[in-house]
Amino acid sequence: MQTQVIVLNGGSSSGKSGIARCLQAVLPDPWLVFGTDTLVDAMPASMRAMDGGIEFAPDGEVVVGPAFRALEAAWIEGIAAMARGGARIVVDEVFLGGAASQKRWQQALGGLRVLWVGVRCEGAVAAGREVARGDRTVGMAVSQAEVVHRGVFYDLEIDTTHAESMECARAIAGRAE
């Protein structure tokens, strides 16, 4: 059975989105890409102003509440349904809760062939990318660089500190069968 879902987990500005785009270019079949940014962008602005939604603190910390988690759960189930329906999917994720975040995805993706990929990047390098992007709260990259990997199991780990997105995508594609 071929891989149906590739889950890329890493901190902000670790290179996941670039790798996801490169995967679409190197994998032989069409793959859809969905990420945490997709979910957050789809939410109403009020989710950032309400208790229980999602908050991006000035120091880069991201705090999520029950209203966010409820929508996230539905989104995860929707992605799993698309994969079960035959779509091949790359998920660009930030496991703020480490192993607990992975467990939510594992439950939803049960029965599917999933390739779990840890995308690591030294905090200082990710912080430089964060500043260059200009669309992130400064501090997110450093605060997330390690915490997103705590207790998480991977089939493959890559380090984007010195590796280009295409090189990483080729390594992942080689494991996706």
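This briefing describes pockets, helices and selected residues in one protein structure. The model is predicted. Its largest pocket has a volume of about 720 Å³, and a search of the whole structure finds one cavity of 30 Å³ or more. Helices H3 and H7 each line up their buried residues on one face.

**The largest pocket**

- The volume of the largest pocket is about 720 Å³. Its lining is made up of 43 residues, and those closest to the pocket centre are Ser12, Lys16, Asp37, Val94 and Arg136.
- Helix H2 (residues 36-42) gives the largest share of this lining, with six residues.
- Sorted by class, the pocket lining has 15 charged, 15 polar and 13 nonpolar residues.

**The cavity**

- The largest cavity has a volume of about 30 Å³.
- Its lining consists of Glu72, Glu93, Val94, Phe95, Ser101, Arg104 and Trp105.
- Helix H4 (residues 99-108) supplies three residues, the largest share of the cavity lining.
- By class, the cavity lining has three charged, three nonpolar and one polar residue.
- Val94 is among the residues closest to the centre of the largest pocket, and Val94 also lines the largest cavity.

**Helix H3**

- Helix H3 covers residues 66-84, which is 19 residues. From first C-alpha to last it reaches 27 Å, close to the 27 Å expected at 1.5 Å a residue.
- The buried residues of H3 are Phe68, Glu72, Trp75, Ile76, Ile79, Ala80 and Ala83. Viewed down the axis of H3, these buried residues fall within an arc of 140 degrees, so they line one face of the helix.
- Pro66 and Ala74 are exposed, on the face of H3 turned away from the buried side.
- Glu72 is one of the buried residues of H3, and Glu72 is also part of the lining of the largest cavity.
- Glycine 86 follows H3 and has a positive phi, near 115 degrees.

**Helix H7**

- Helix H7 (residues 165-176) has twelve residues. Its reach from first C-alpha to last is 16 Å, close to the 16 Å expected at 1.5 Å a residue.
- Cys168, Ala169, Ile172 and Ala176 are the buried residues of H7. Seen down the axis of H7, they fall within an arc of 100 degrees, so they line one face of the helix.
- Arg170 and Gly174 are exposed on the other side of H7.
- The cover over the buried residues of H7 includes strand S1 (5-9), helix H1 (16-26), strand S6 (114-120) and strand S7 (156-159).
- Glutamate 177 follows H7, and its phi is positive, near 55 degrees.

**Helix H1**

- Lys16, Gly18, Ile19, Ala20, Cys22 and Leu23 are buried in H1.
- The elements covering the buried residues of H1 include S1, S2, strand S5 (89-93), S6, S7 and H7.
- Lys16 is buried in H1, and Lys16 is also among the residues closest to the centre of the largest pocket.

**Serine 13**

- Serine 13 sits in the loop between S1 and H1.
- Most residues other than glycine have a negative phi. Serine 13 is not a glycine, yet its phi is positive, about 65 degrees.
- Its relative accessible area is 5%, so serine 13 is buried.

**Tryptophan 31**

- The loop between H1 and strand S2 (32-35) holds tryptophan 31.
- Tryptophan 31 counts as buried because its relative accessibility is 5%, and buried means under 20%.
- Leaving out residues up to four places away in sequence, tryptophan 31 touches Thr3, Gln4, Val5, Ile6, Gln24, Arg88, Ile89 and Val90.

**Valine 119**

- Valine 119 is in strand S6.
- With a relative accessible area of 0%, valine 119 is buried.
- Valine 119 and isoleucine 19 are 100 residues apart along the chain, and their C-alpha atoms are separated by 9.3 Å.
- Not counting residues up to four places away in sequence, valine 119 touches Leu8, Asn9, Gly10, Gly11, Ser14, Lys16, Ile19, His149, Ile158 and Thr160.
- Two of these contacts, Lys16 and Ile19, are among the buried residues of H1.

Notes:
Residues numbered from 1 in each chain as written. Predicted model: local features only at pLDDT ≥ 70, side-chain atom pairs only at ≥ 80, totals over all residues. Heavy atoms only, no water. 1 Å grid on protein atoms, 1.4 Å probe; cavity = no way out; pocket = protein on both sides within 12 Å on 5 of 7 lines; lining within 4 Å. Points joined across faces, edges and corners; volume = space filled by probe spheres on them. Helix = DSSP H or I, 4+ residues; strand = E, 2+ residues; numbered from the N terminus. Nonpolar A, V, L, I, M, F, W, Y, C, P; charged D, E, K, R; others polar. Expected span 1.5 Å × (residues − 1). Buried < 20%, exposed > 50% of the residue type's maximum accessible area, 1.4 Å probe, protein only. Arc of directions from axis to C-beta. Contact = heavy atoms within 4.5 Å.
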